Amino acid sequence: MTKIRSTTVLAVKHNGGIAIGADGQATMGNTVAKSNVKKIRKLQDGKIVTGFAGSTADAFTLLERFNEKLNAHGANMERAAIELAKDWRTDRYLRKLEAMMIVADKEDILIISGTGDVLKPDNGIAAIGSGSMYAQAAAQALVSHAKDLDSHKIVEESLKIAADICIYTNHNLIIEKL
């Protein structure tokens, strides 16, 4: 089986807004399998936005489980994330899933991983995927030096920089602002 590698997902909280975006590339080995994958999803009538990196089928399974947790916990994003992370770490089936998620609402950004981590970034910037470090570095620079930019523009420009550097990231961007 060919390991699927791809993507860059970035969320930024800046100047009173939160935006989350991702590129659209999916690769299988060293081949681009698809260039316009939608890796950003709205949940809870658009109040929560998620982005995923990793295996698409695994990510959809996690998105479905996360939405179930949101429904069970009154749309409390942090509580739902903690419950998903606990299940993900302990459930035999879920433990094998290869994906990561960023979730955001109007107040917070969280990274959820299969190791049981639920992380809230200190600086309001979260990134996952192959090009995450490039996008995160660009976002940190823009937040520090371009104070007039809003969160959407920072995500857009940072993902463009990552796409210029990372071979697993392209310029087909989807960005949602909360």
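Q: How many residues apart are Glu 156 and Lys 160 in helix H5, and what does that come to in helical turns?
A: This is a predicted model. In it, Glu 156 and Lys 160 sit four residues apart in H5, so about one helical turn separates them.

Q: What forms between Glu 156 and Lys 160?
A: A salt bridge. The closest N and O atoms are 3.6 Å apart.

Q: Why does charge matter for a pair like that?
A: Side chains of opposite charge can pair when their charged atoms come close.

Q: And the spacing, which way do residues four places apart point in an α-helix?
A: They point the same way, because an α-helix has 3.6 residues a turn.

Q: What about Glu 157 and Lys 153?
A: Their side chains also meet in a salt bridge, 3.3 Å from N to O. These two are four residues apart in H5, so again about one helical turn lies between them.

Q: Which residues are linked in the salt-bridge network?
A: Lys 153, Glu 156, Glu 157 and Lys 160.

Q: Is Lys 160 buried, exposed or partly exposed?
A: Partly exposed, at 31% relative accessible area. Lys 153 is partly exposed too, at 33%. Glu 157 falls in that class with 24%. The class runs between 20% and 50%.

Q: How many salt bridges does the count come to?
A: The count is 11. One of them joins Asp 23 and Lys 39, at 3.4 Å from N to O.

Q: Where do Asp 23 and Lys 39 sit in the chain?
A: They are 16 residues apart, and the pair links distant parts of the chain. Asp 23 is in the loop between strands E3 (17–22) and E4 (26–28). Lys 39 is in the loop between strands E5 (31–34) and E6 (40–43).

Q: Asp 23 and Lys 39, buried or exposed?
A: Both are buried.

Q: Switching to helix H4. What should its span be, and what is it in the model?
A: H4 covers residues 132–145, which is 14 residues. At 1.5 Å a residue it should span 20 Å, and its end C-alpha atoms are 20 Å apart, so the two agree.

Q: Which residues of H4 are buried?
A: Ser 132, Ala 135, Gln 136, Ala 138, Ala 139, Leu 142 and Val 143. They cover an arc of only 165° around the axis, so they lie on the same side of H4.

Q: What is on the other side?
A: Met 133 and His 145 are exposed there.

Q: What covers the buried residues of H4?
A: The cover includes strand E2 (8–14), strand E11 (125–129) and helix H5 (151–165).

Conventions: Residues numbered from 1 in each chain as written. Predicted model: local features only at pLDDT ≥ 70, side-chain atom pairs only at ≥ 80, totals over all residues. Heavy atoms only, no water. Expected span 1.5 Å × (residues − 1). Buried < 20%, exposed > 50% of the residue type's maximum accessible area, 1.4 Å probe, protein only. Arc of directions from axis to C-beta. Contact = heavy atoms within 4.5 Å. Salt bridge = Lys/Arg side-chain N within 4 Å of Asp/Glu carboxyl O.
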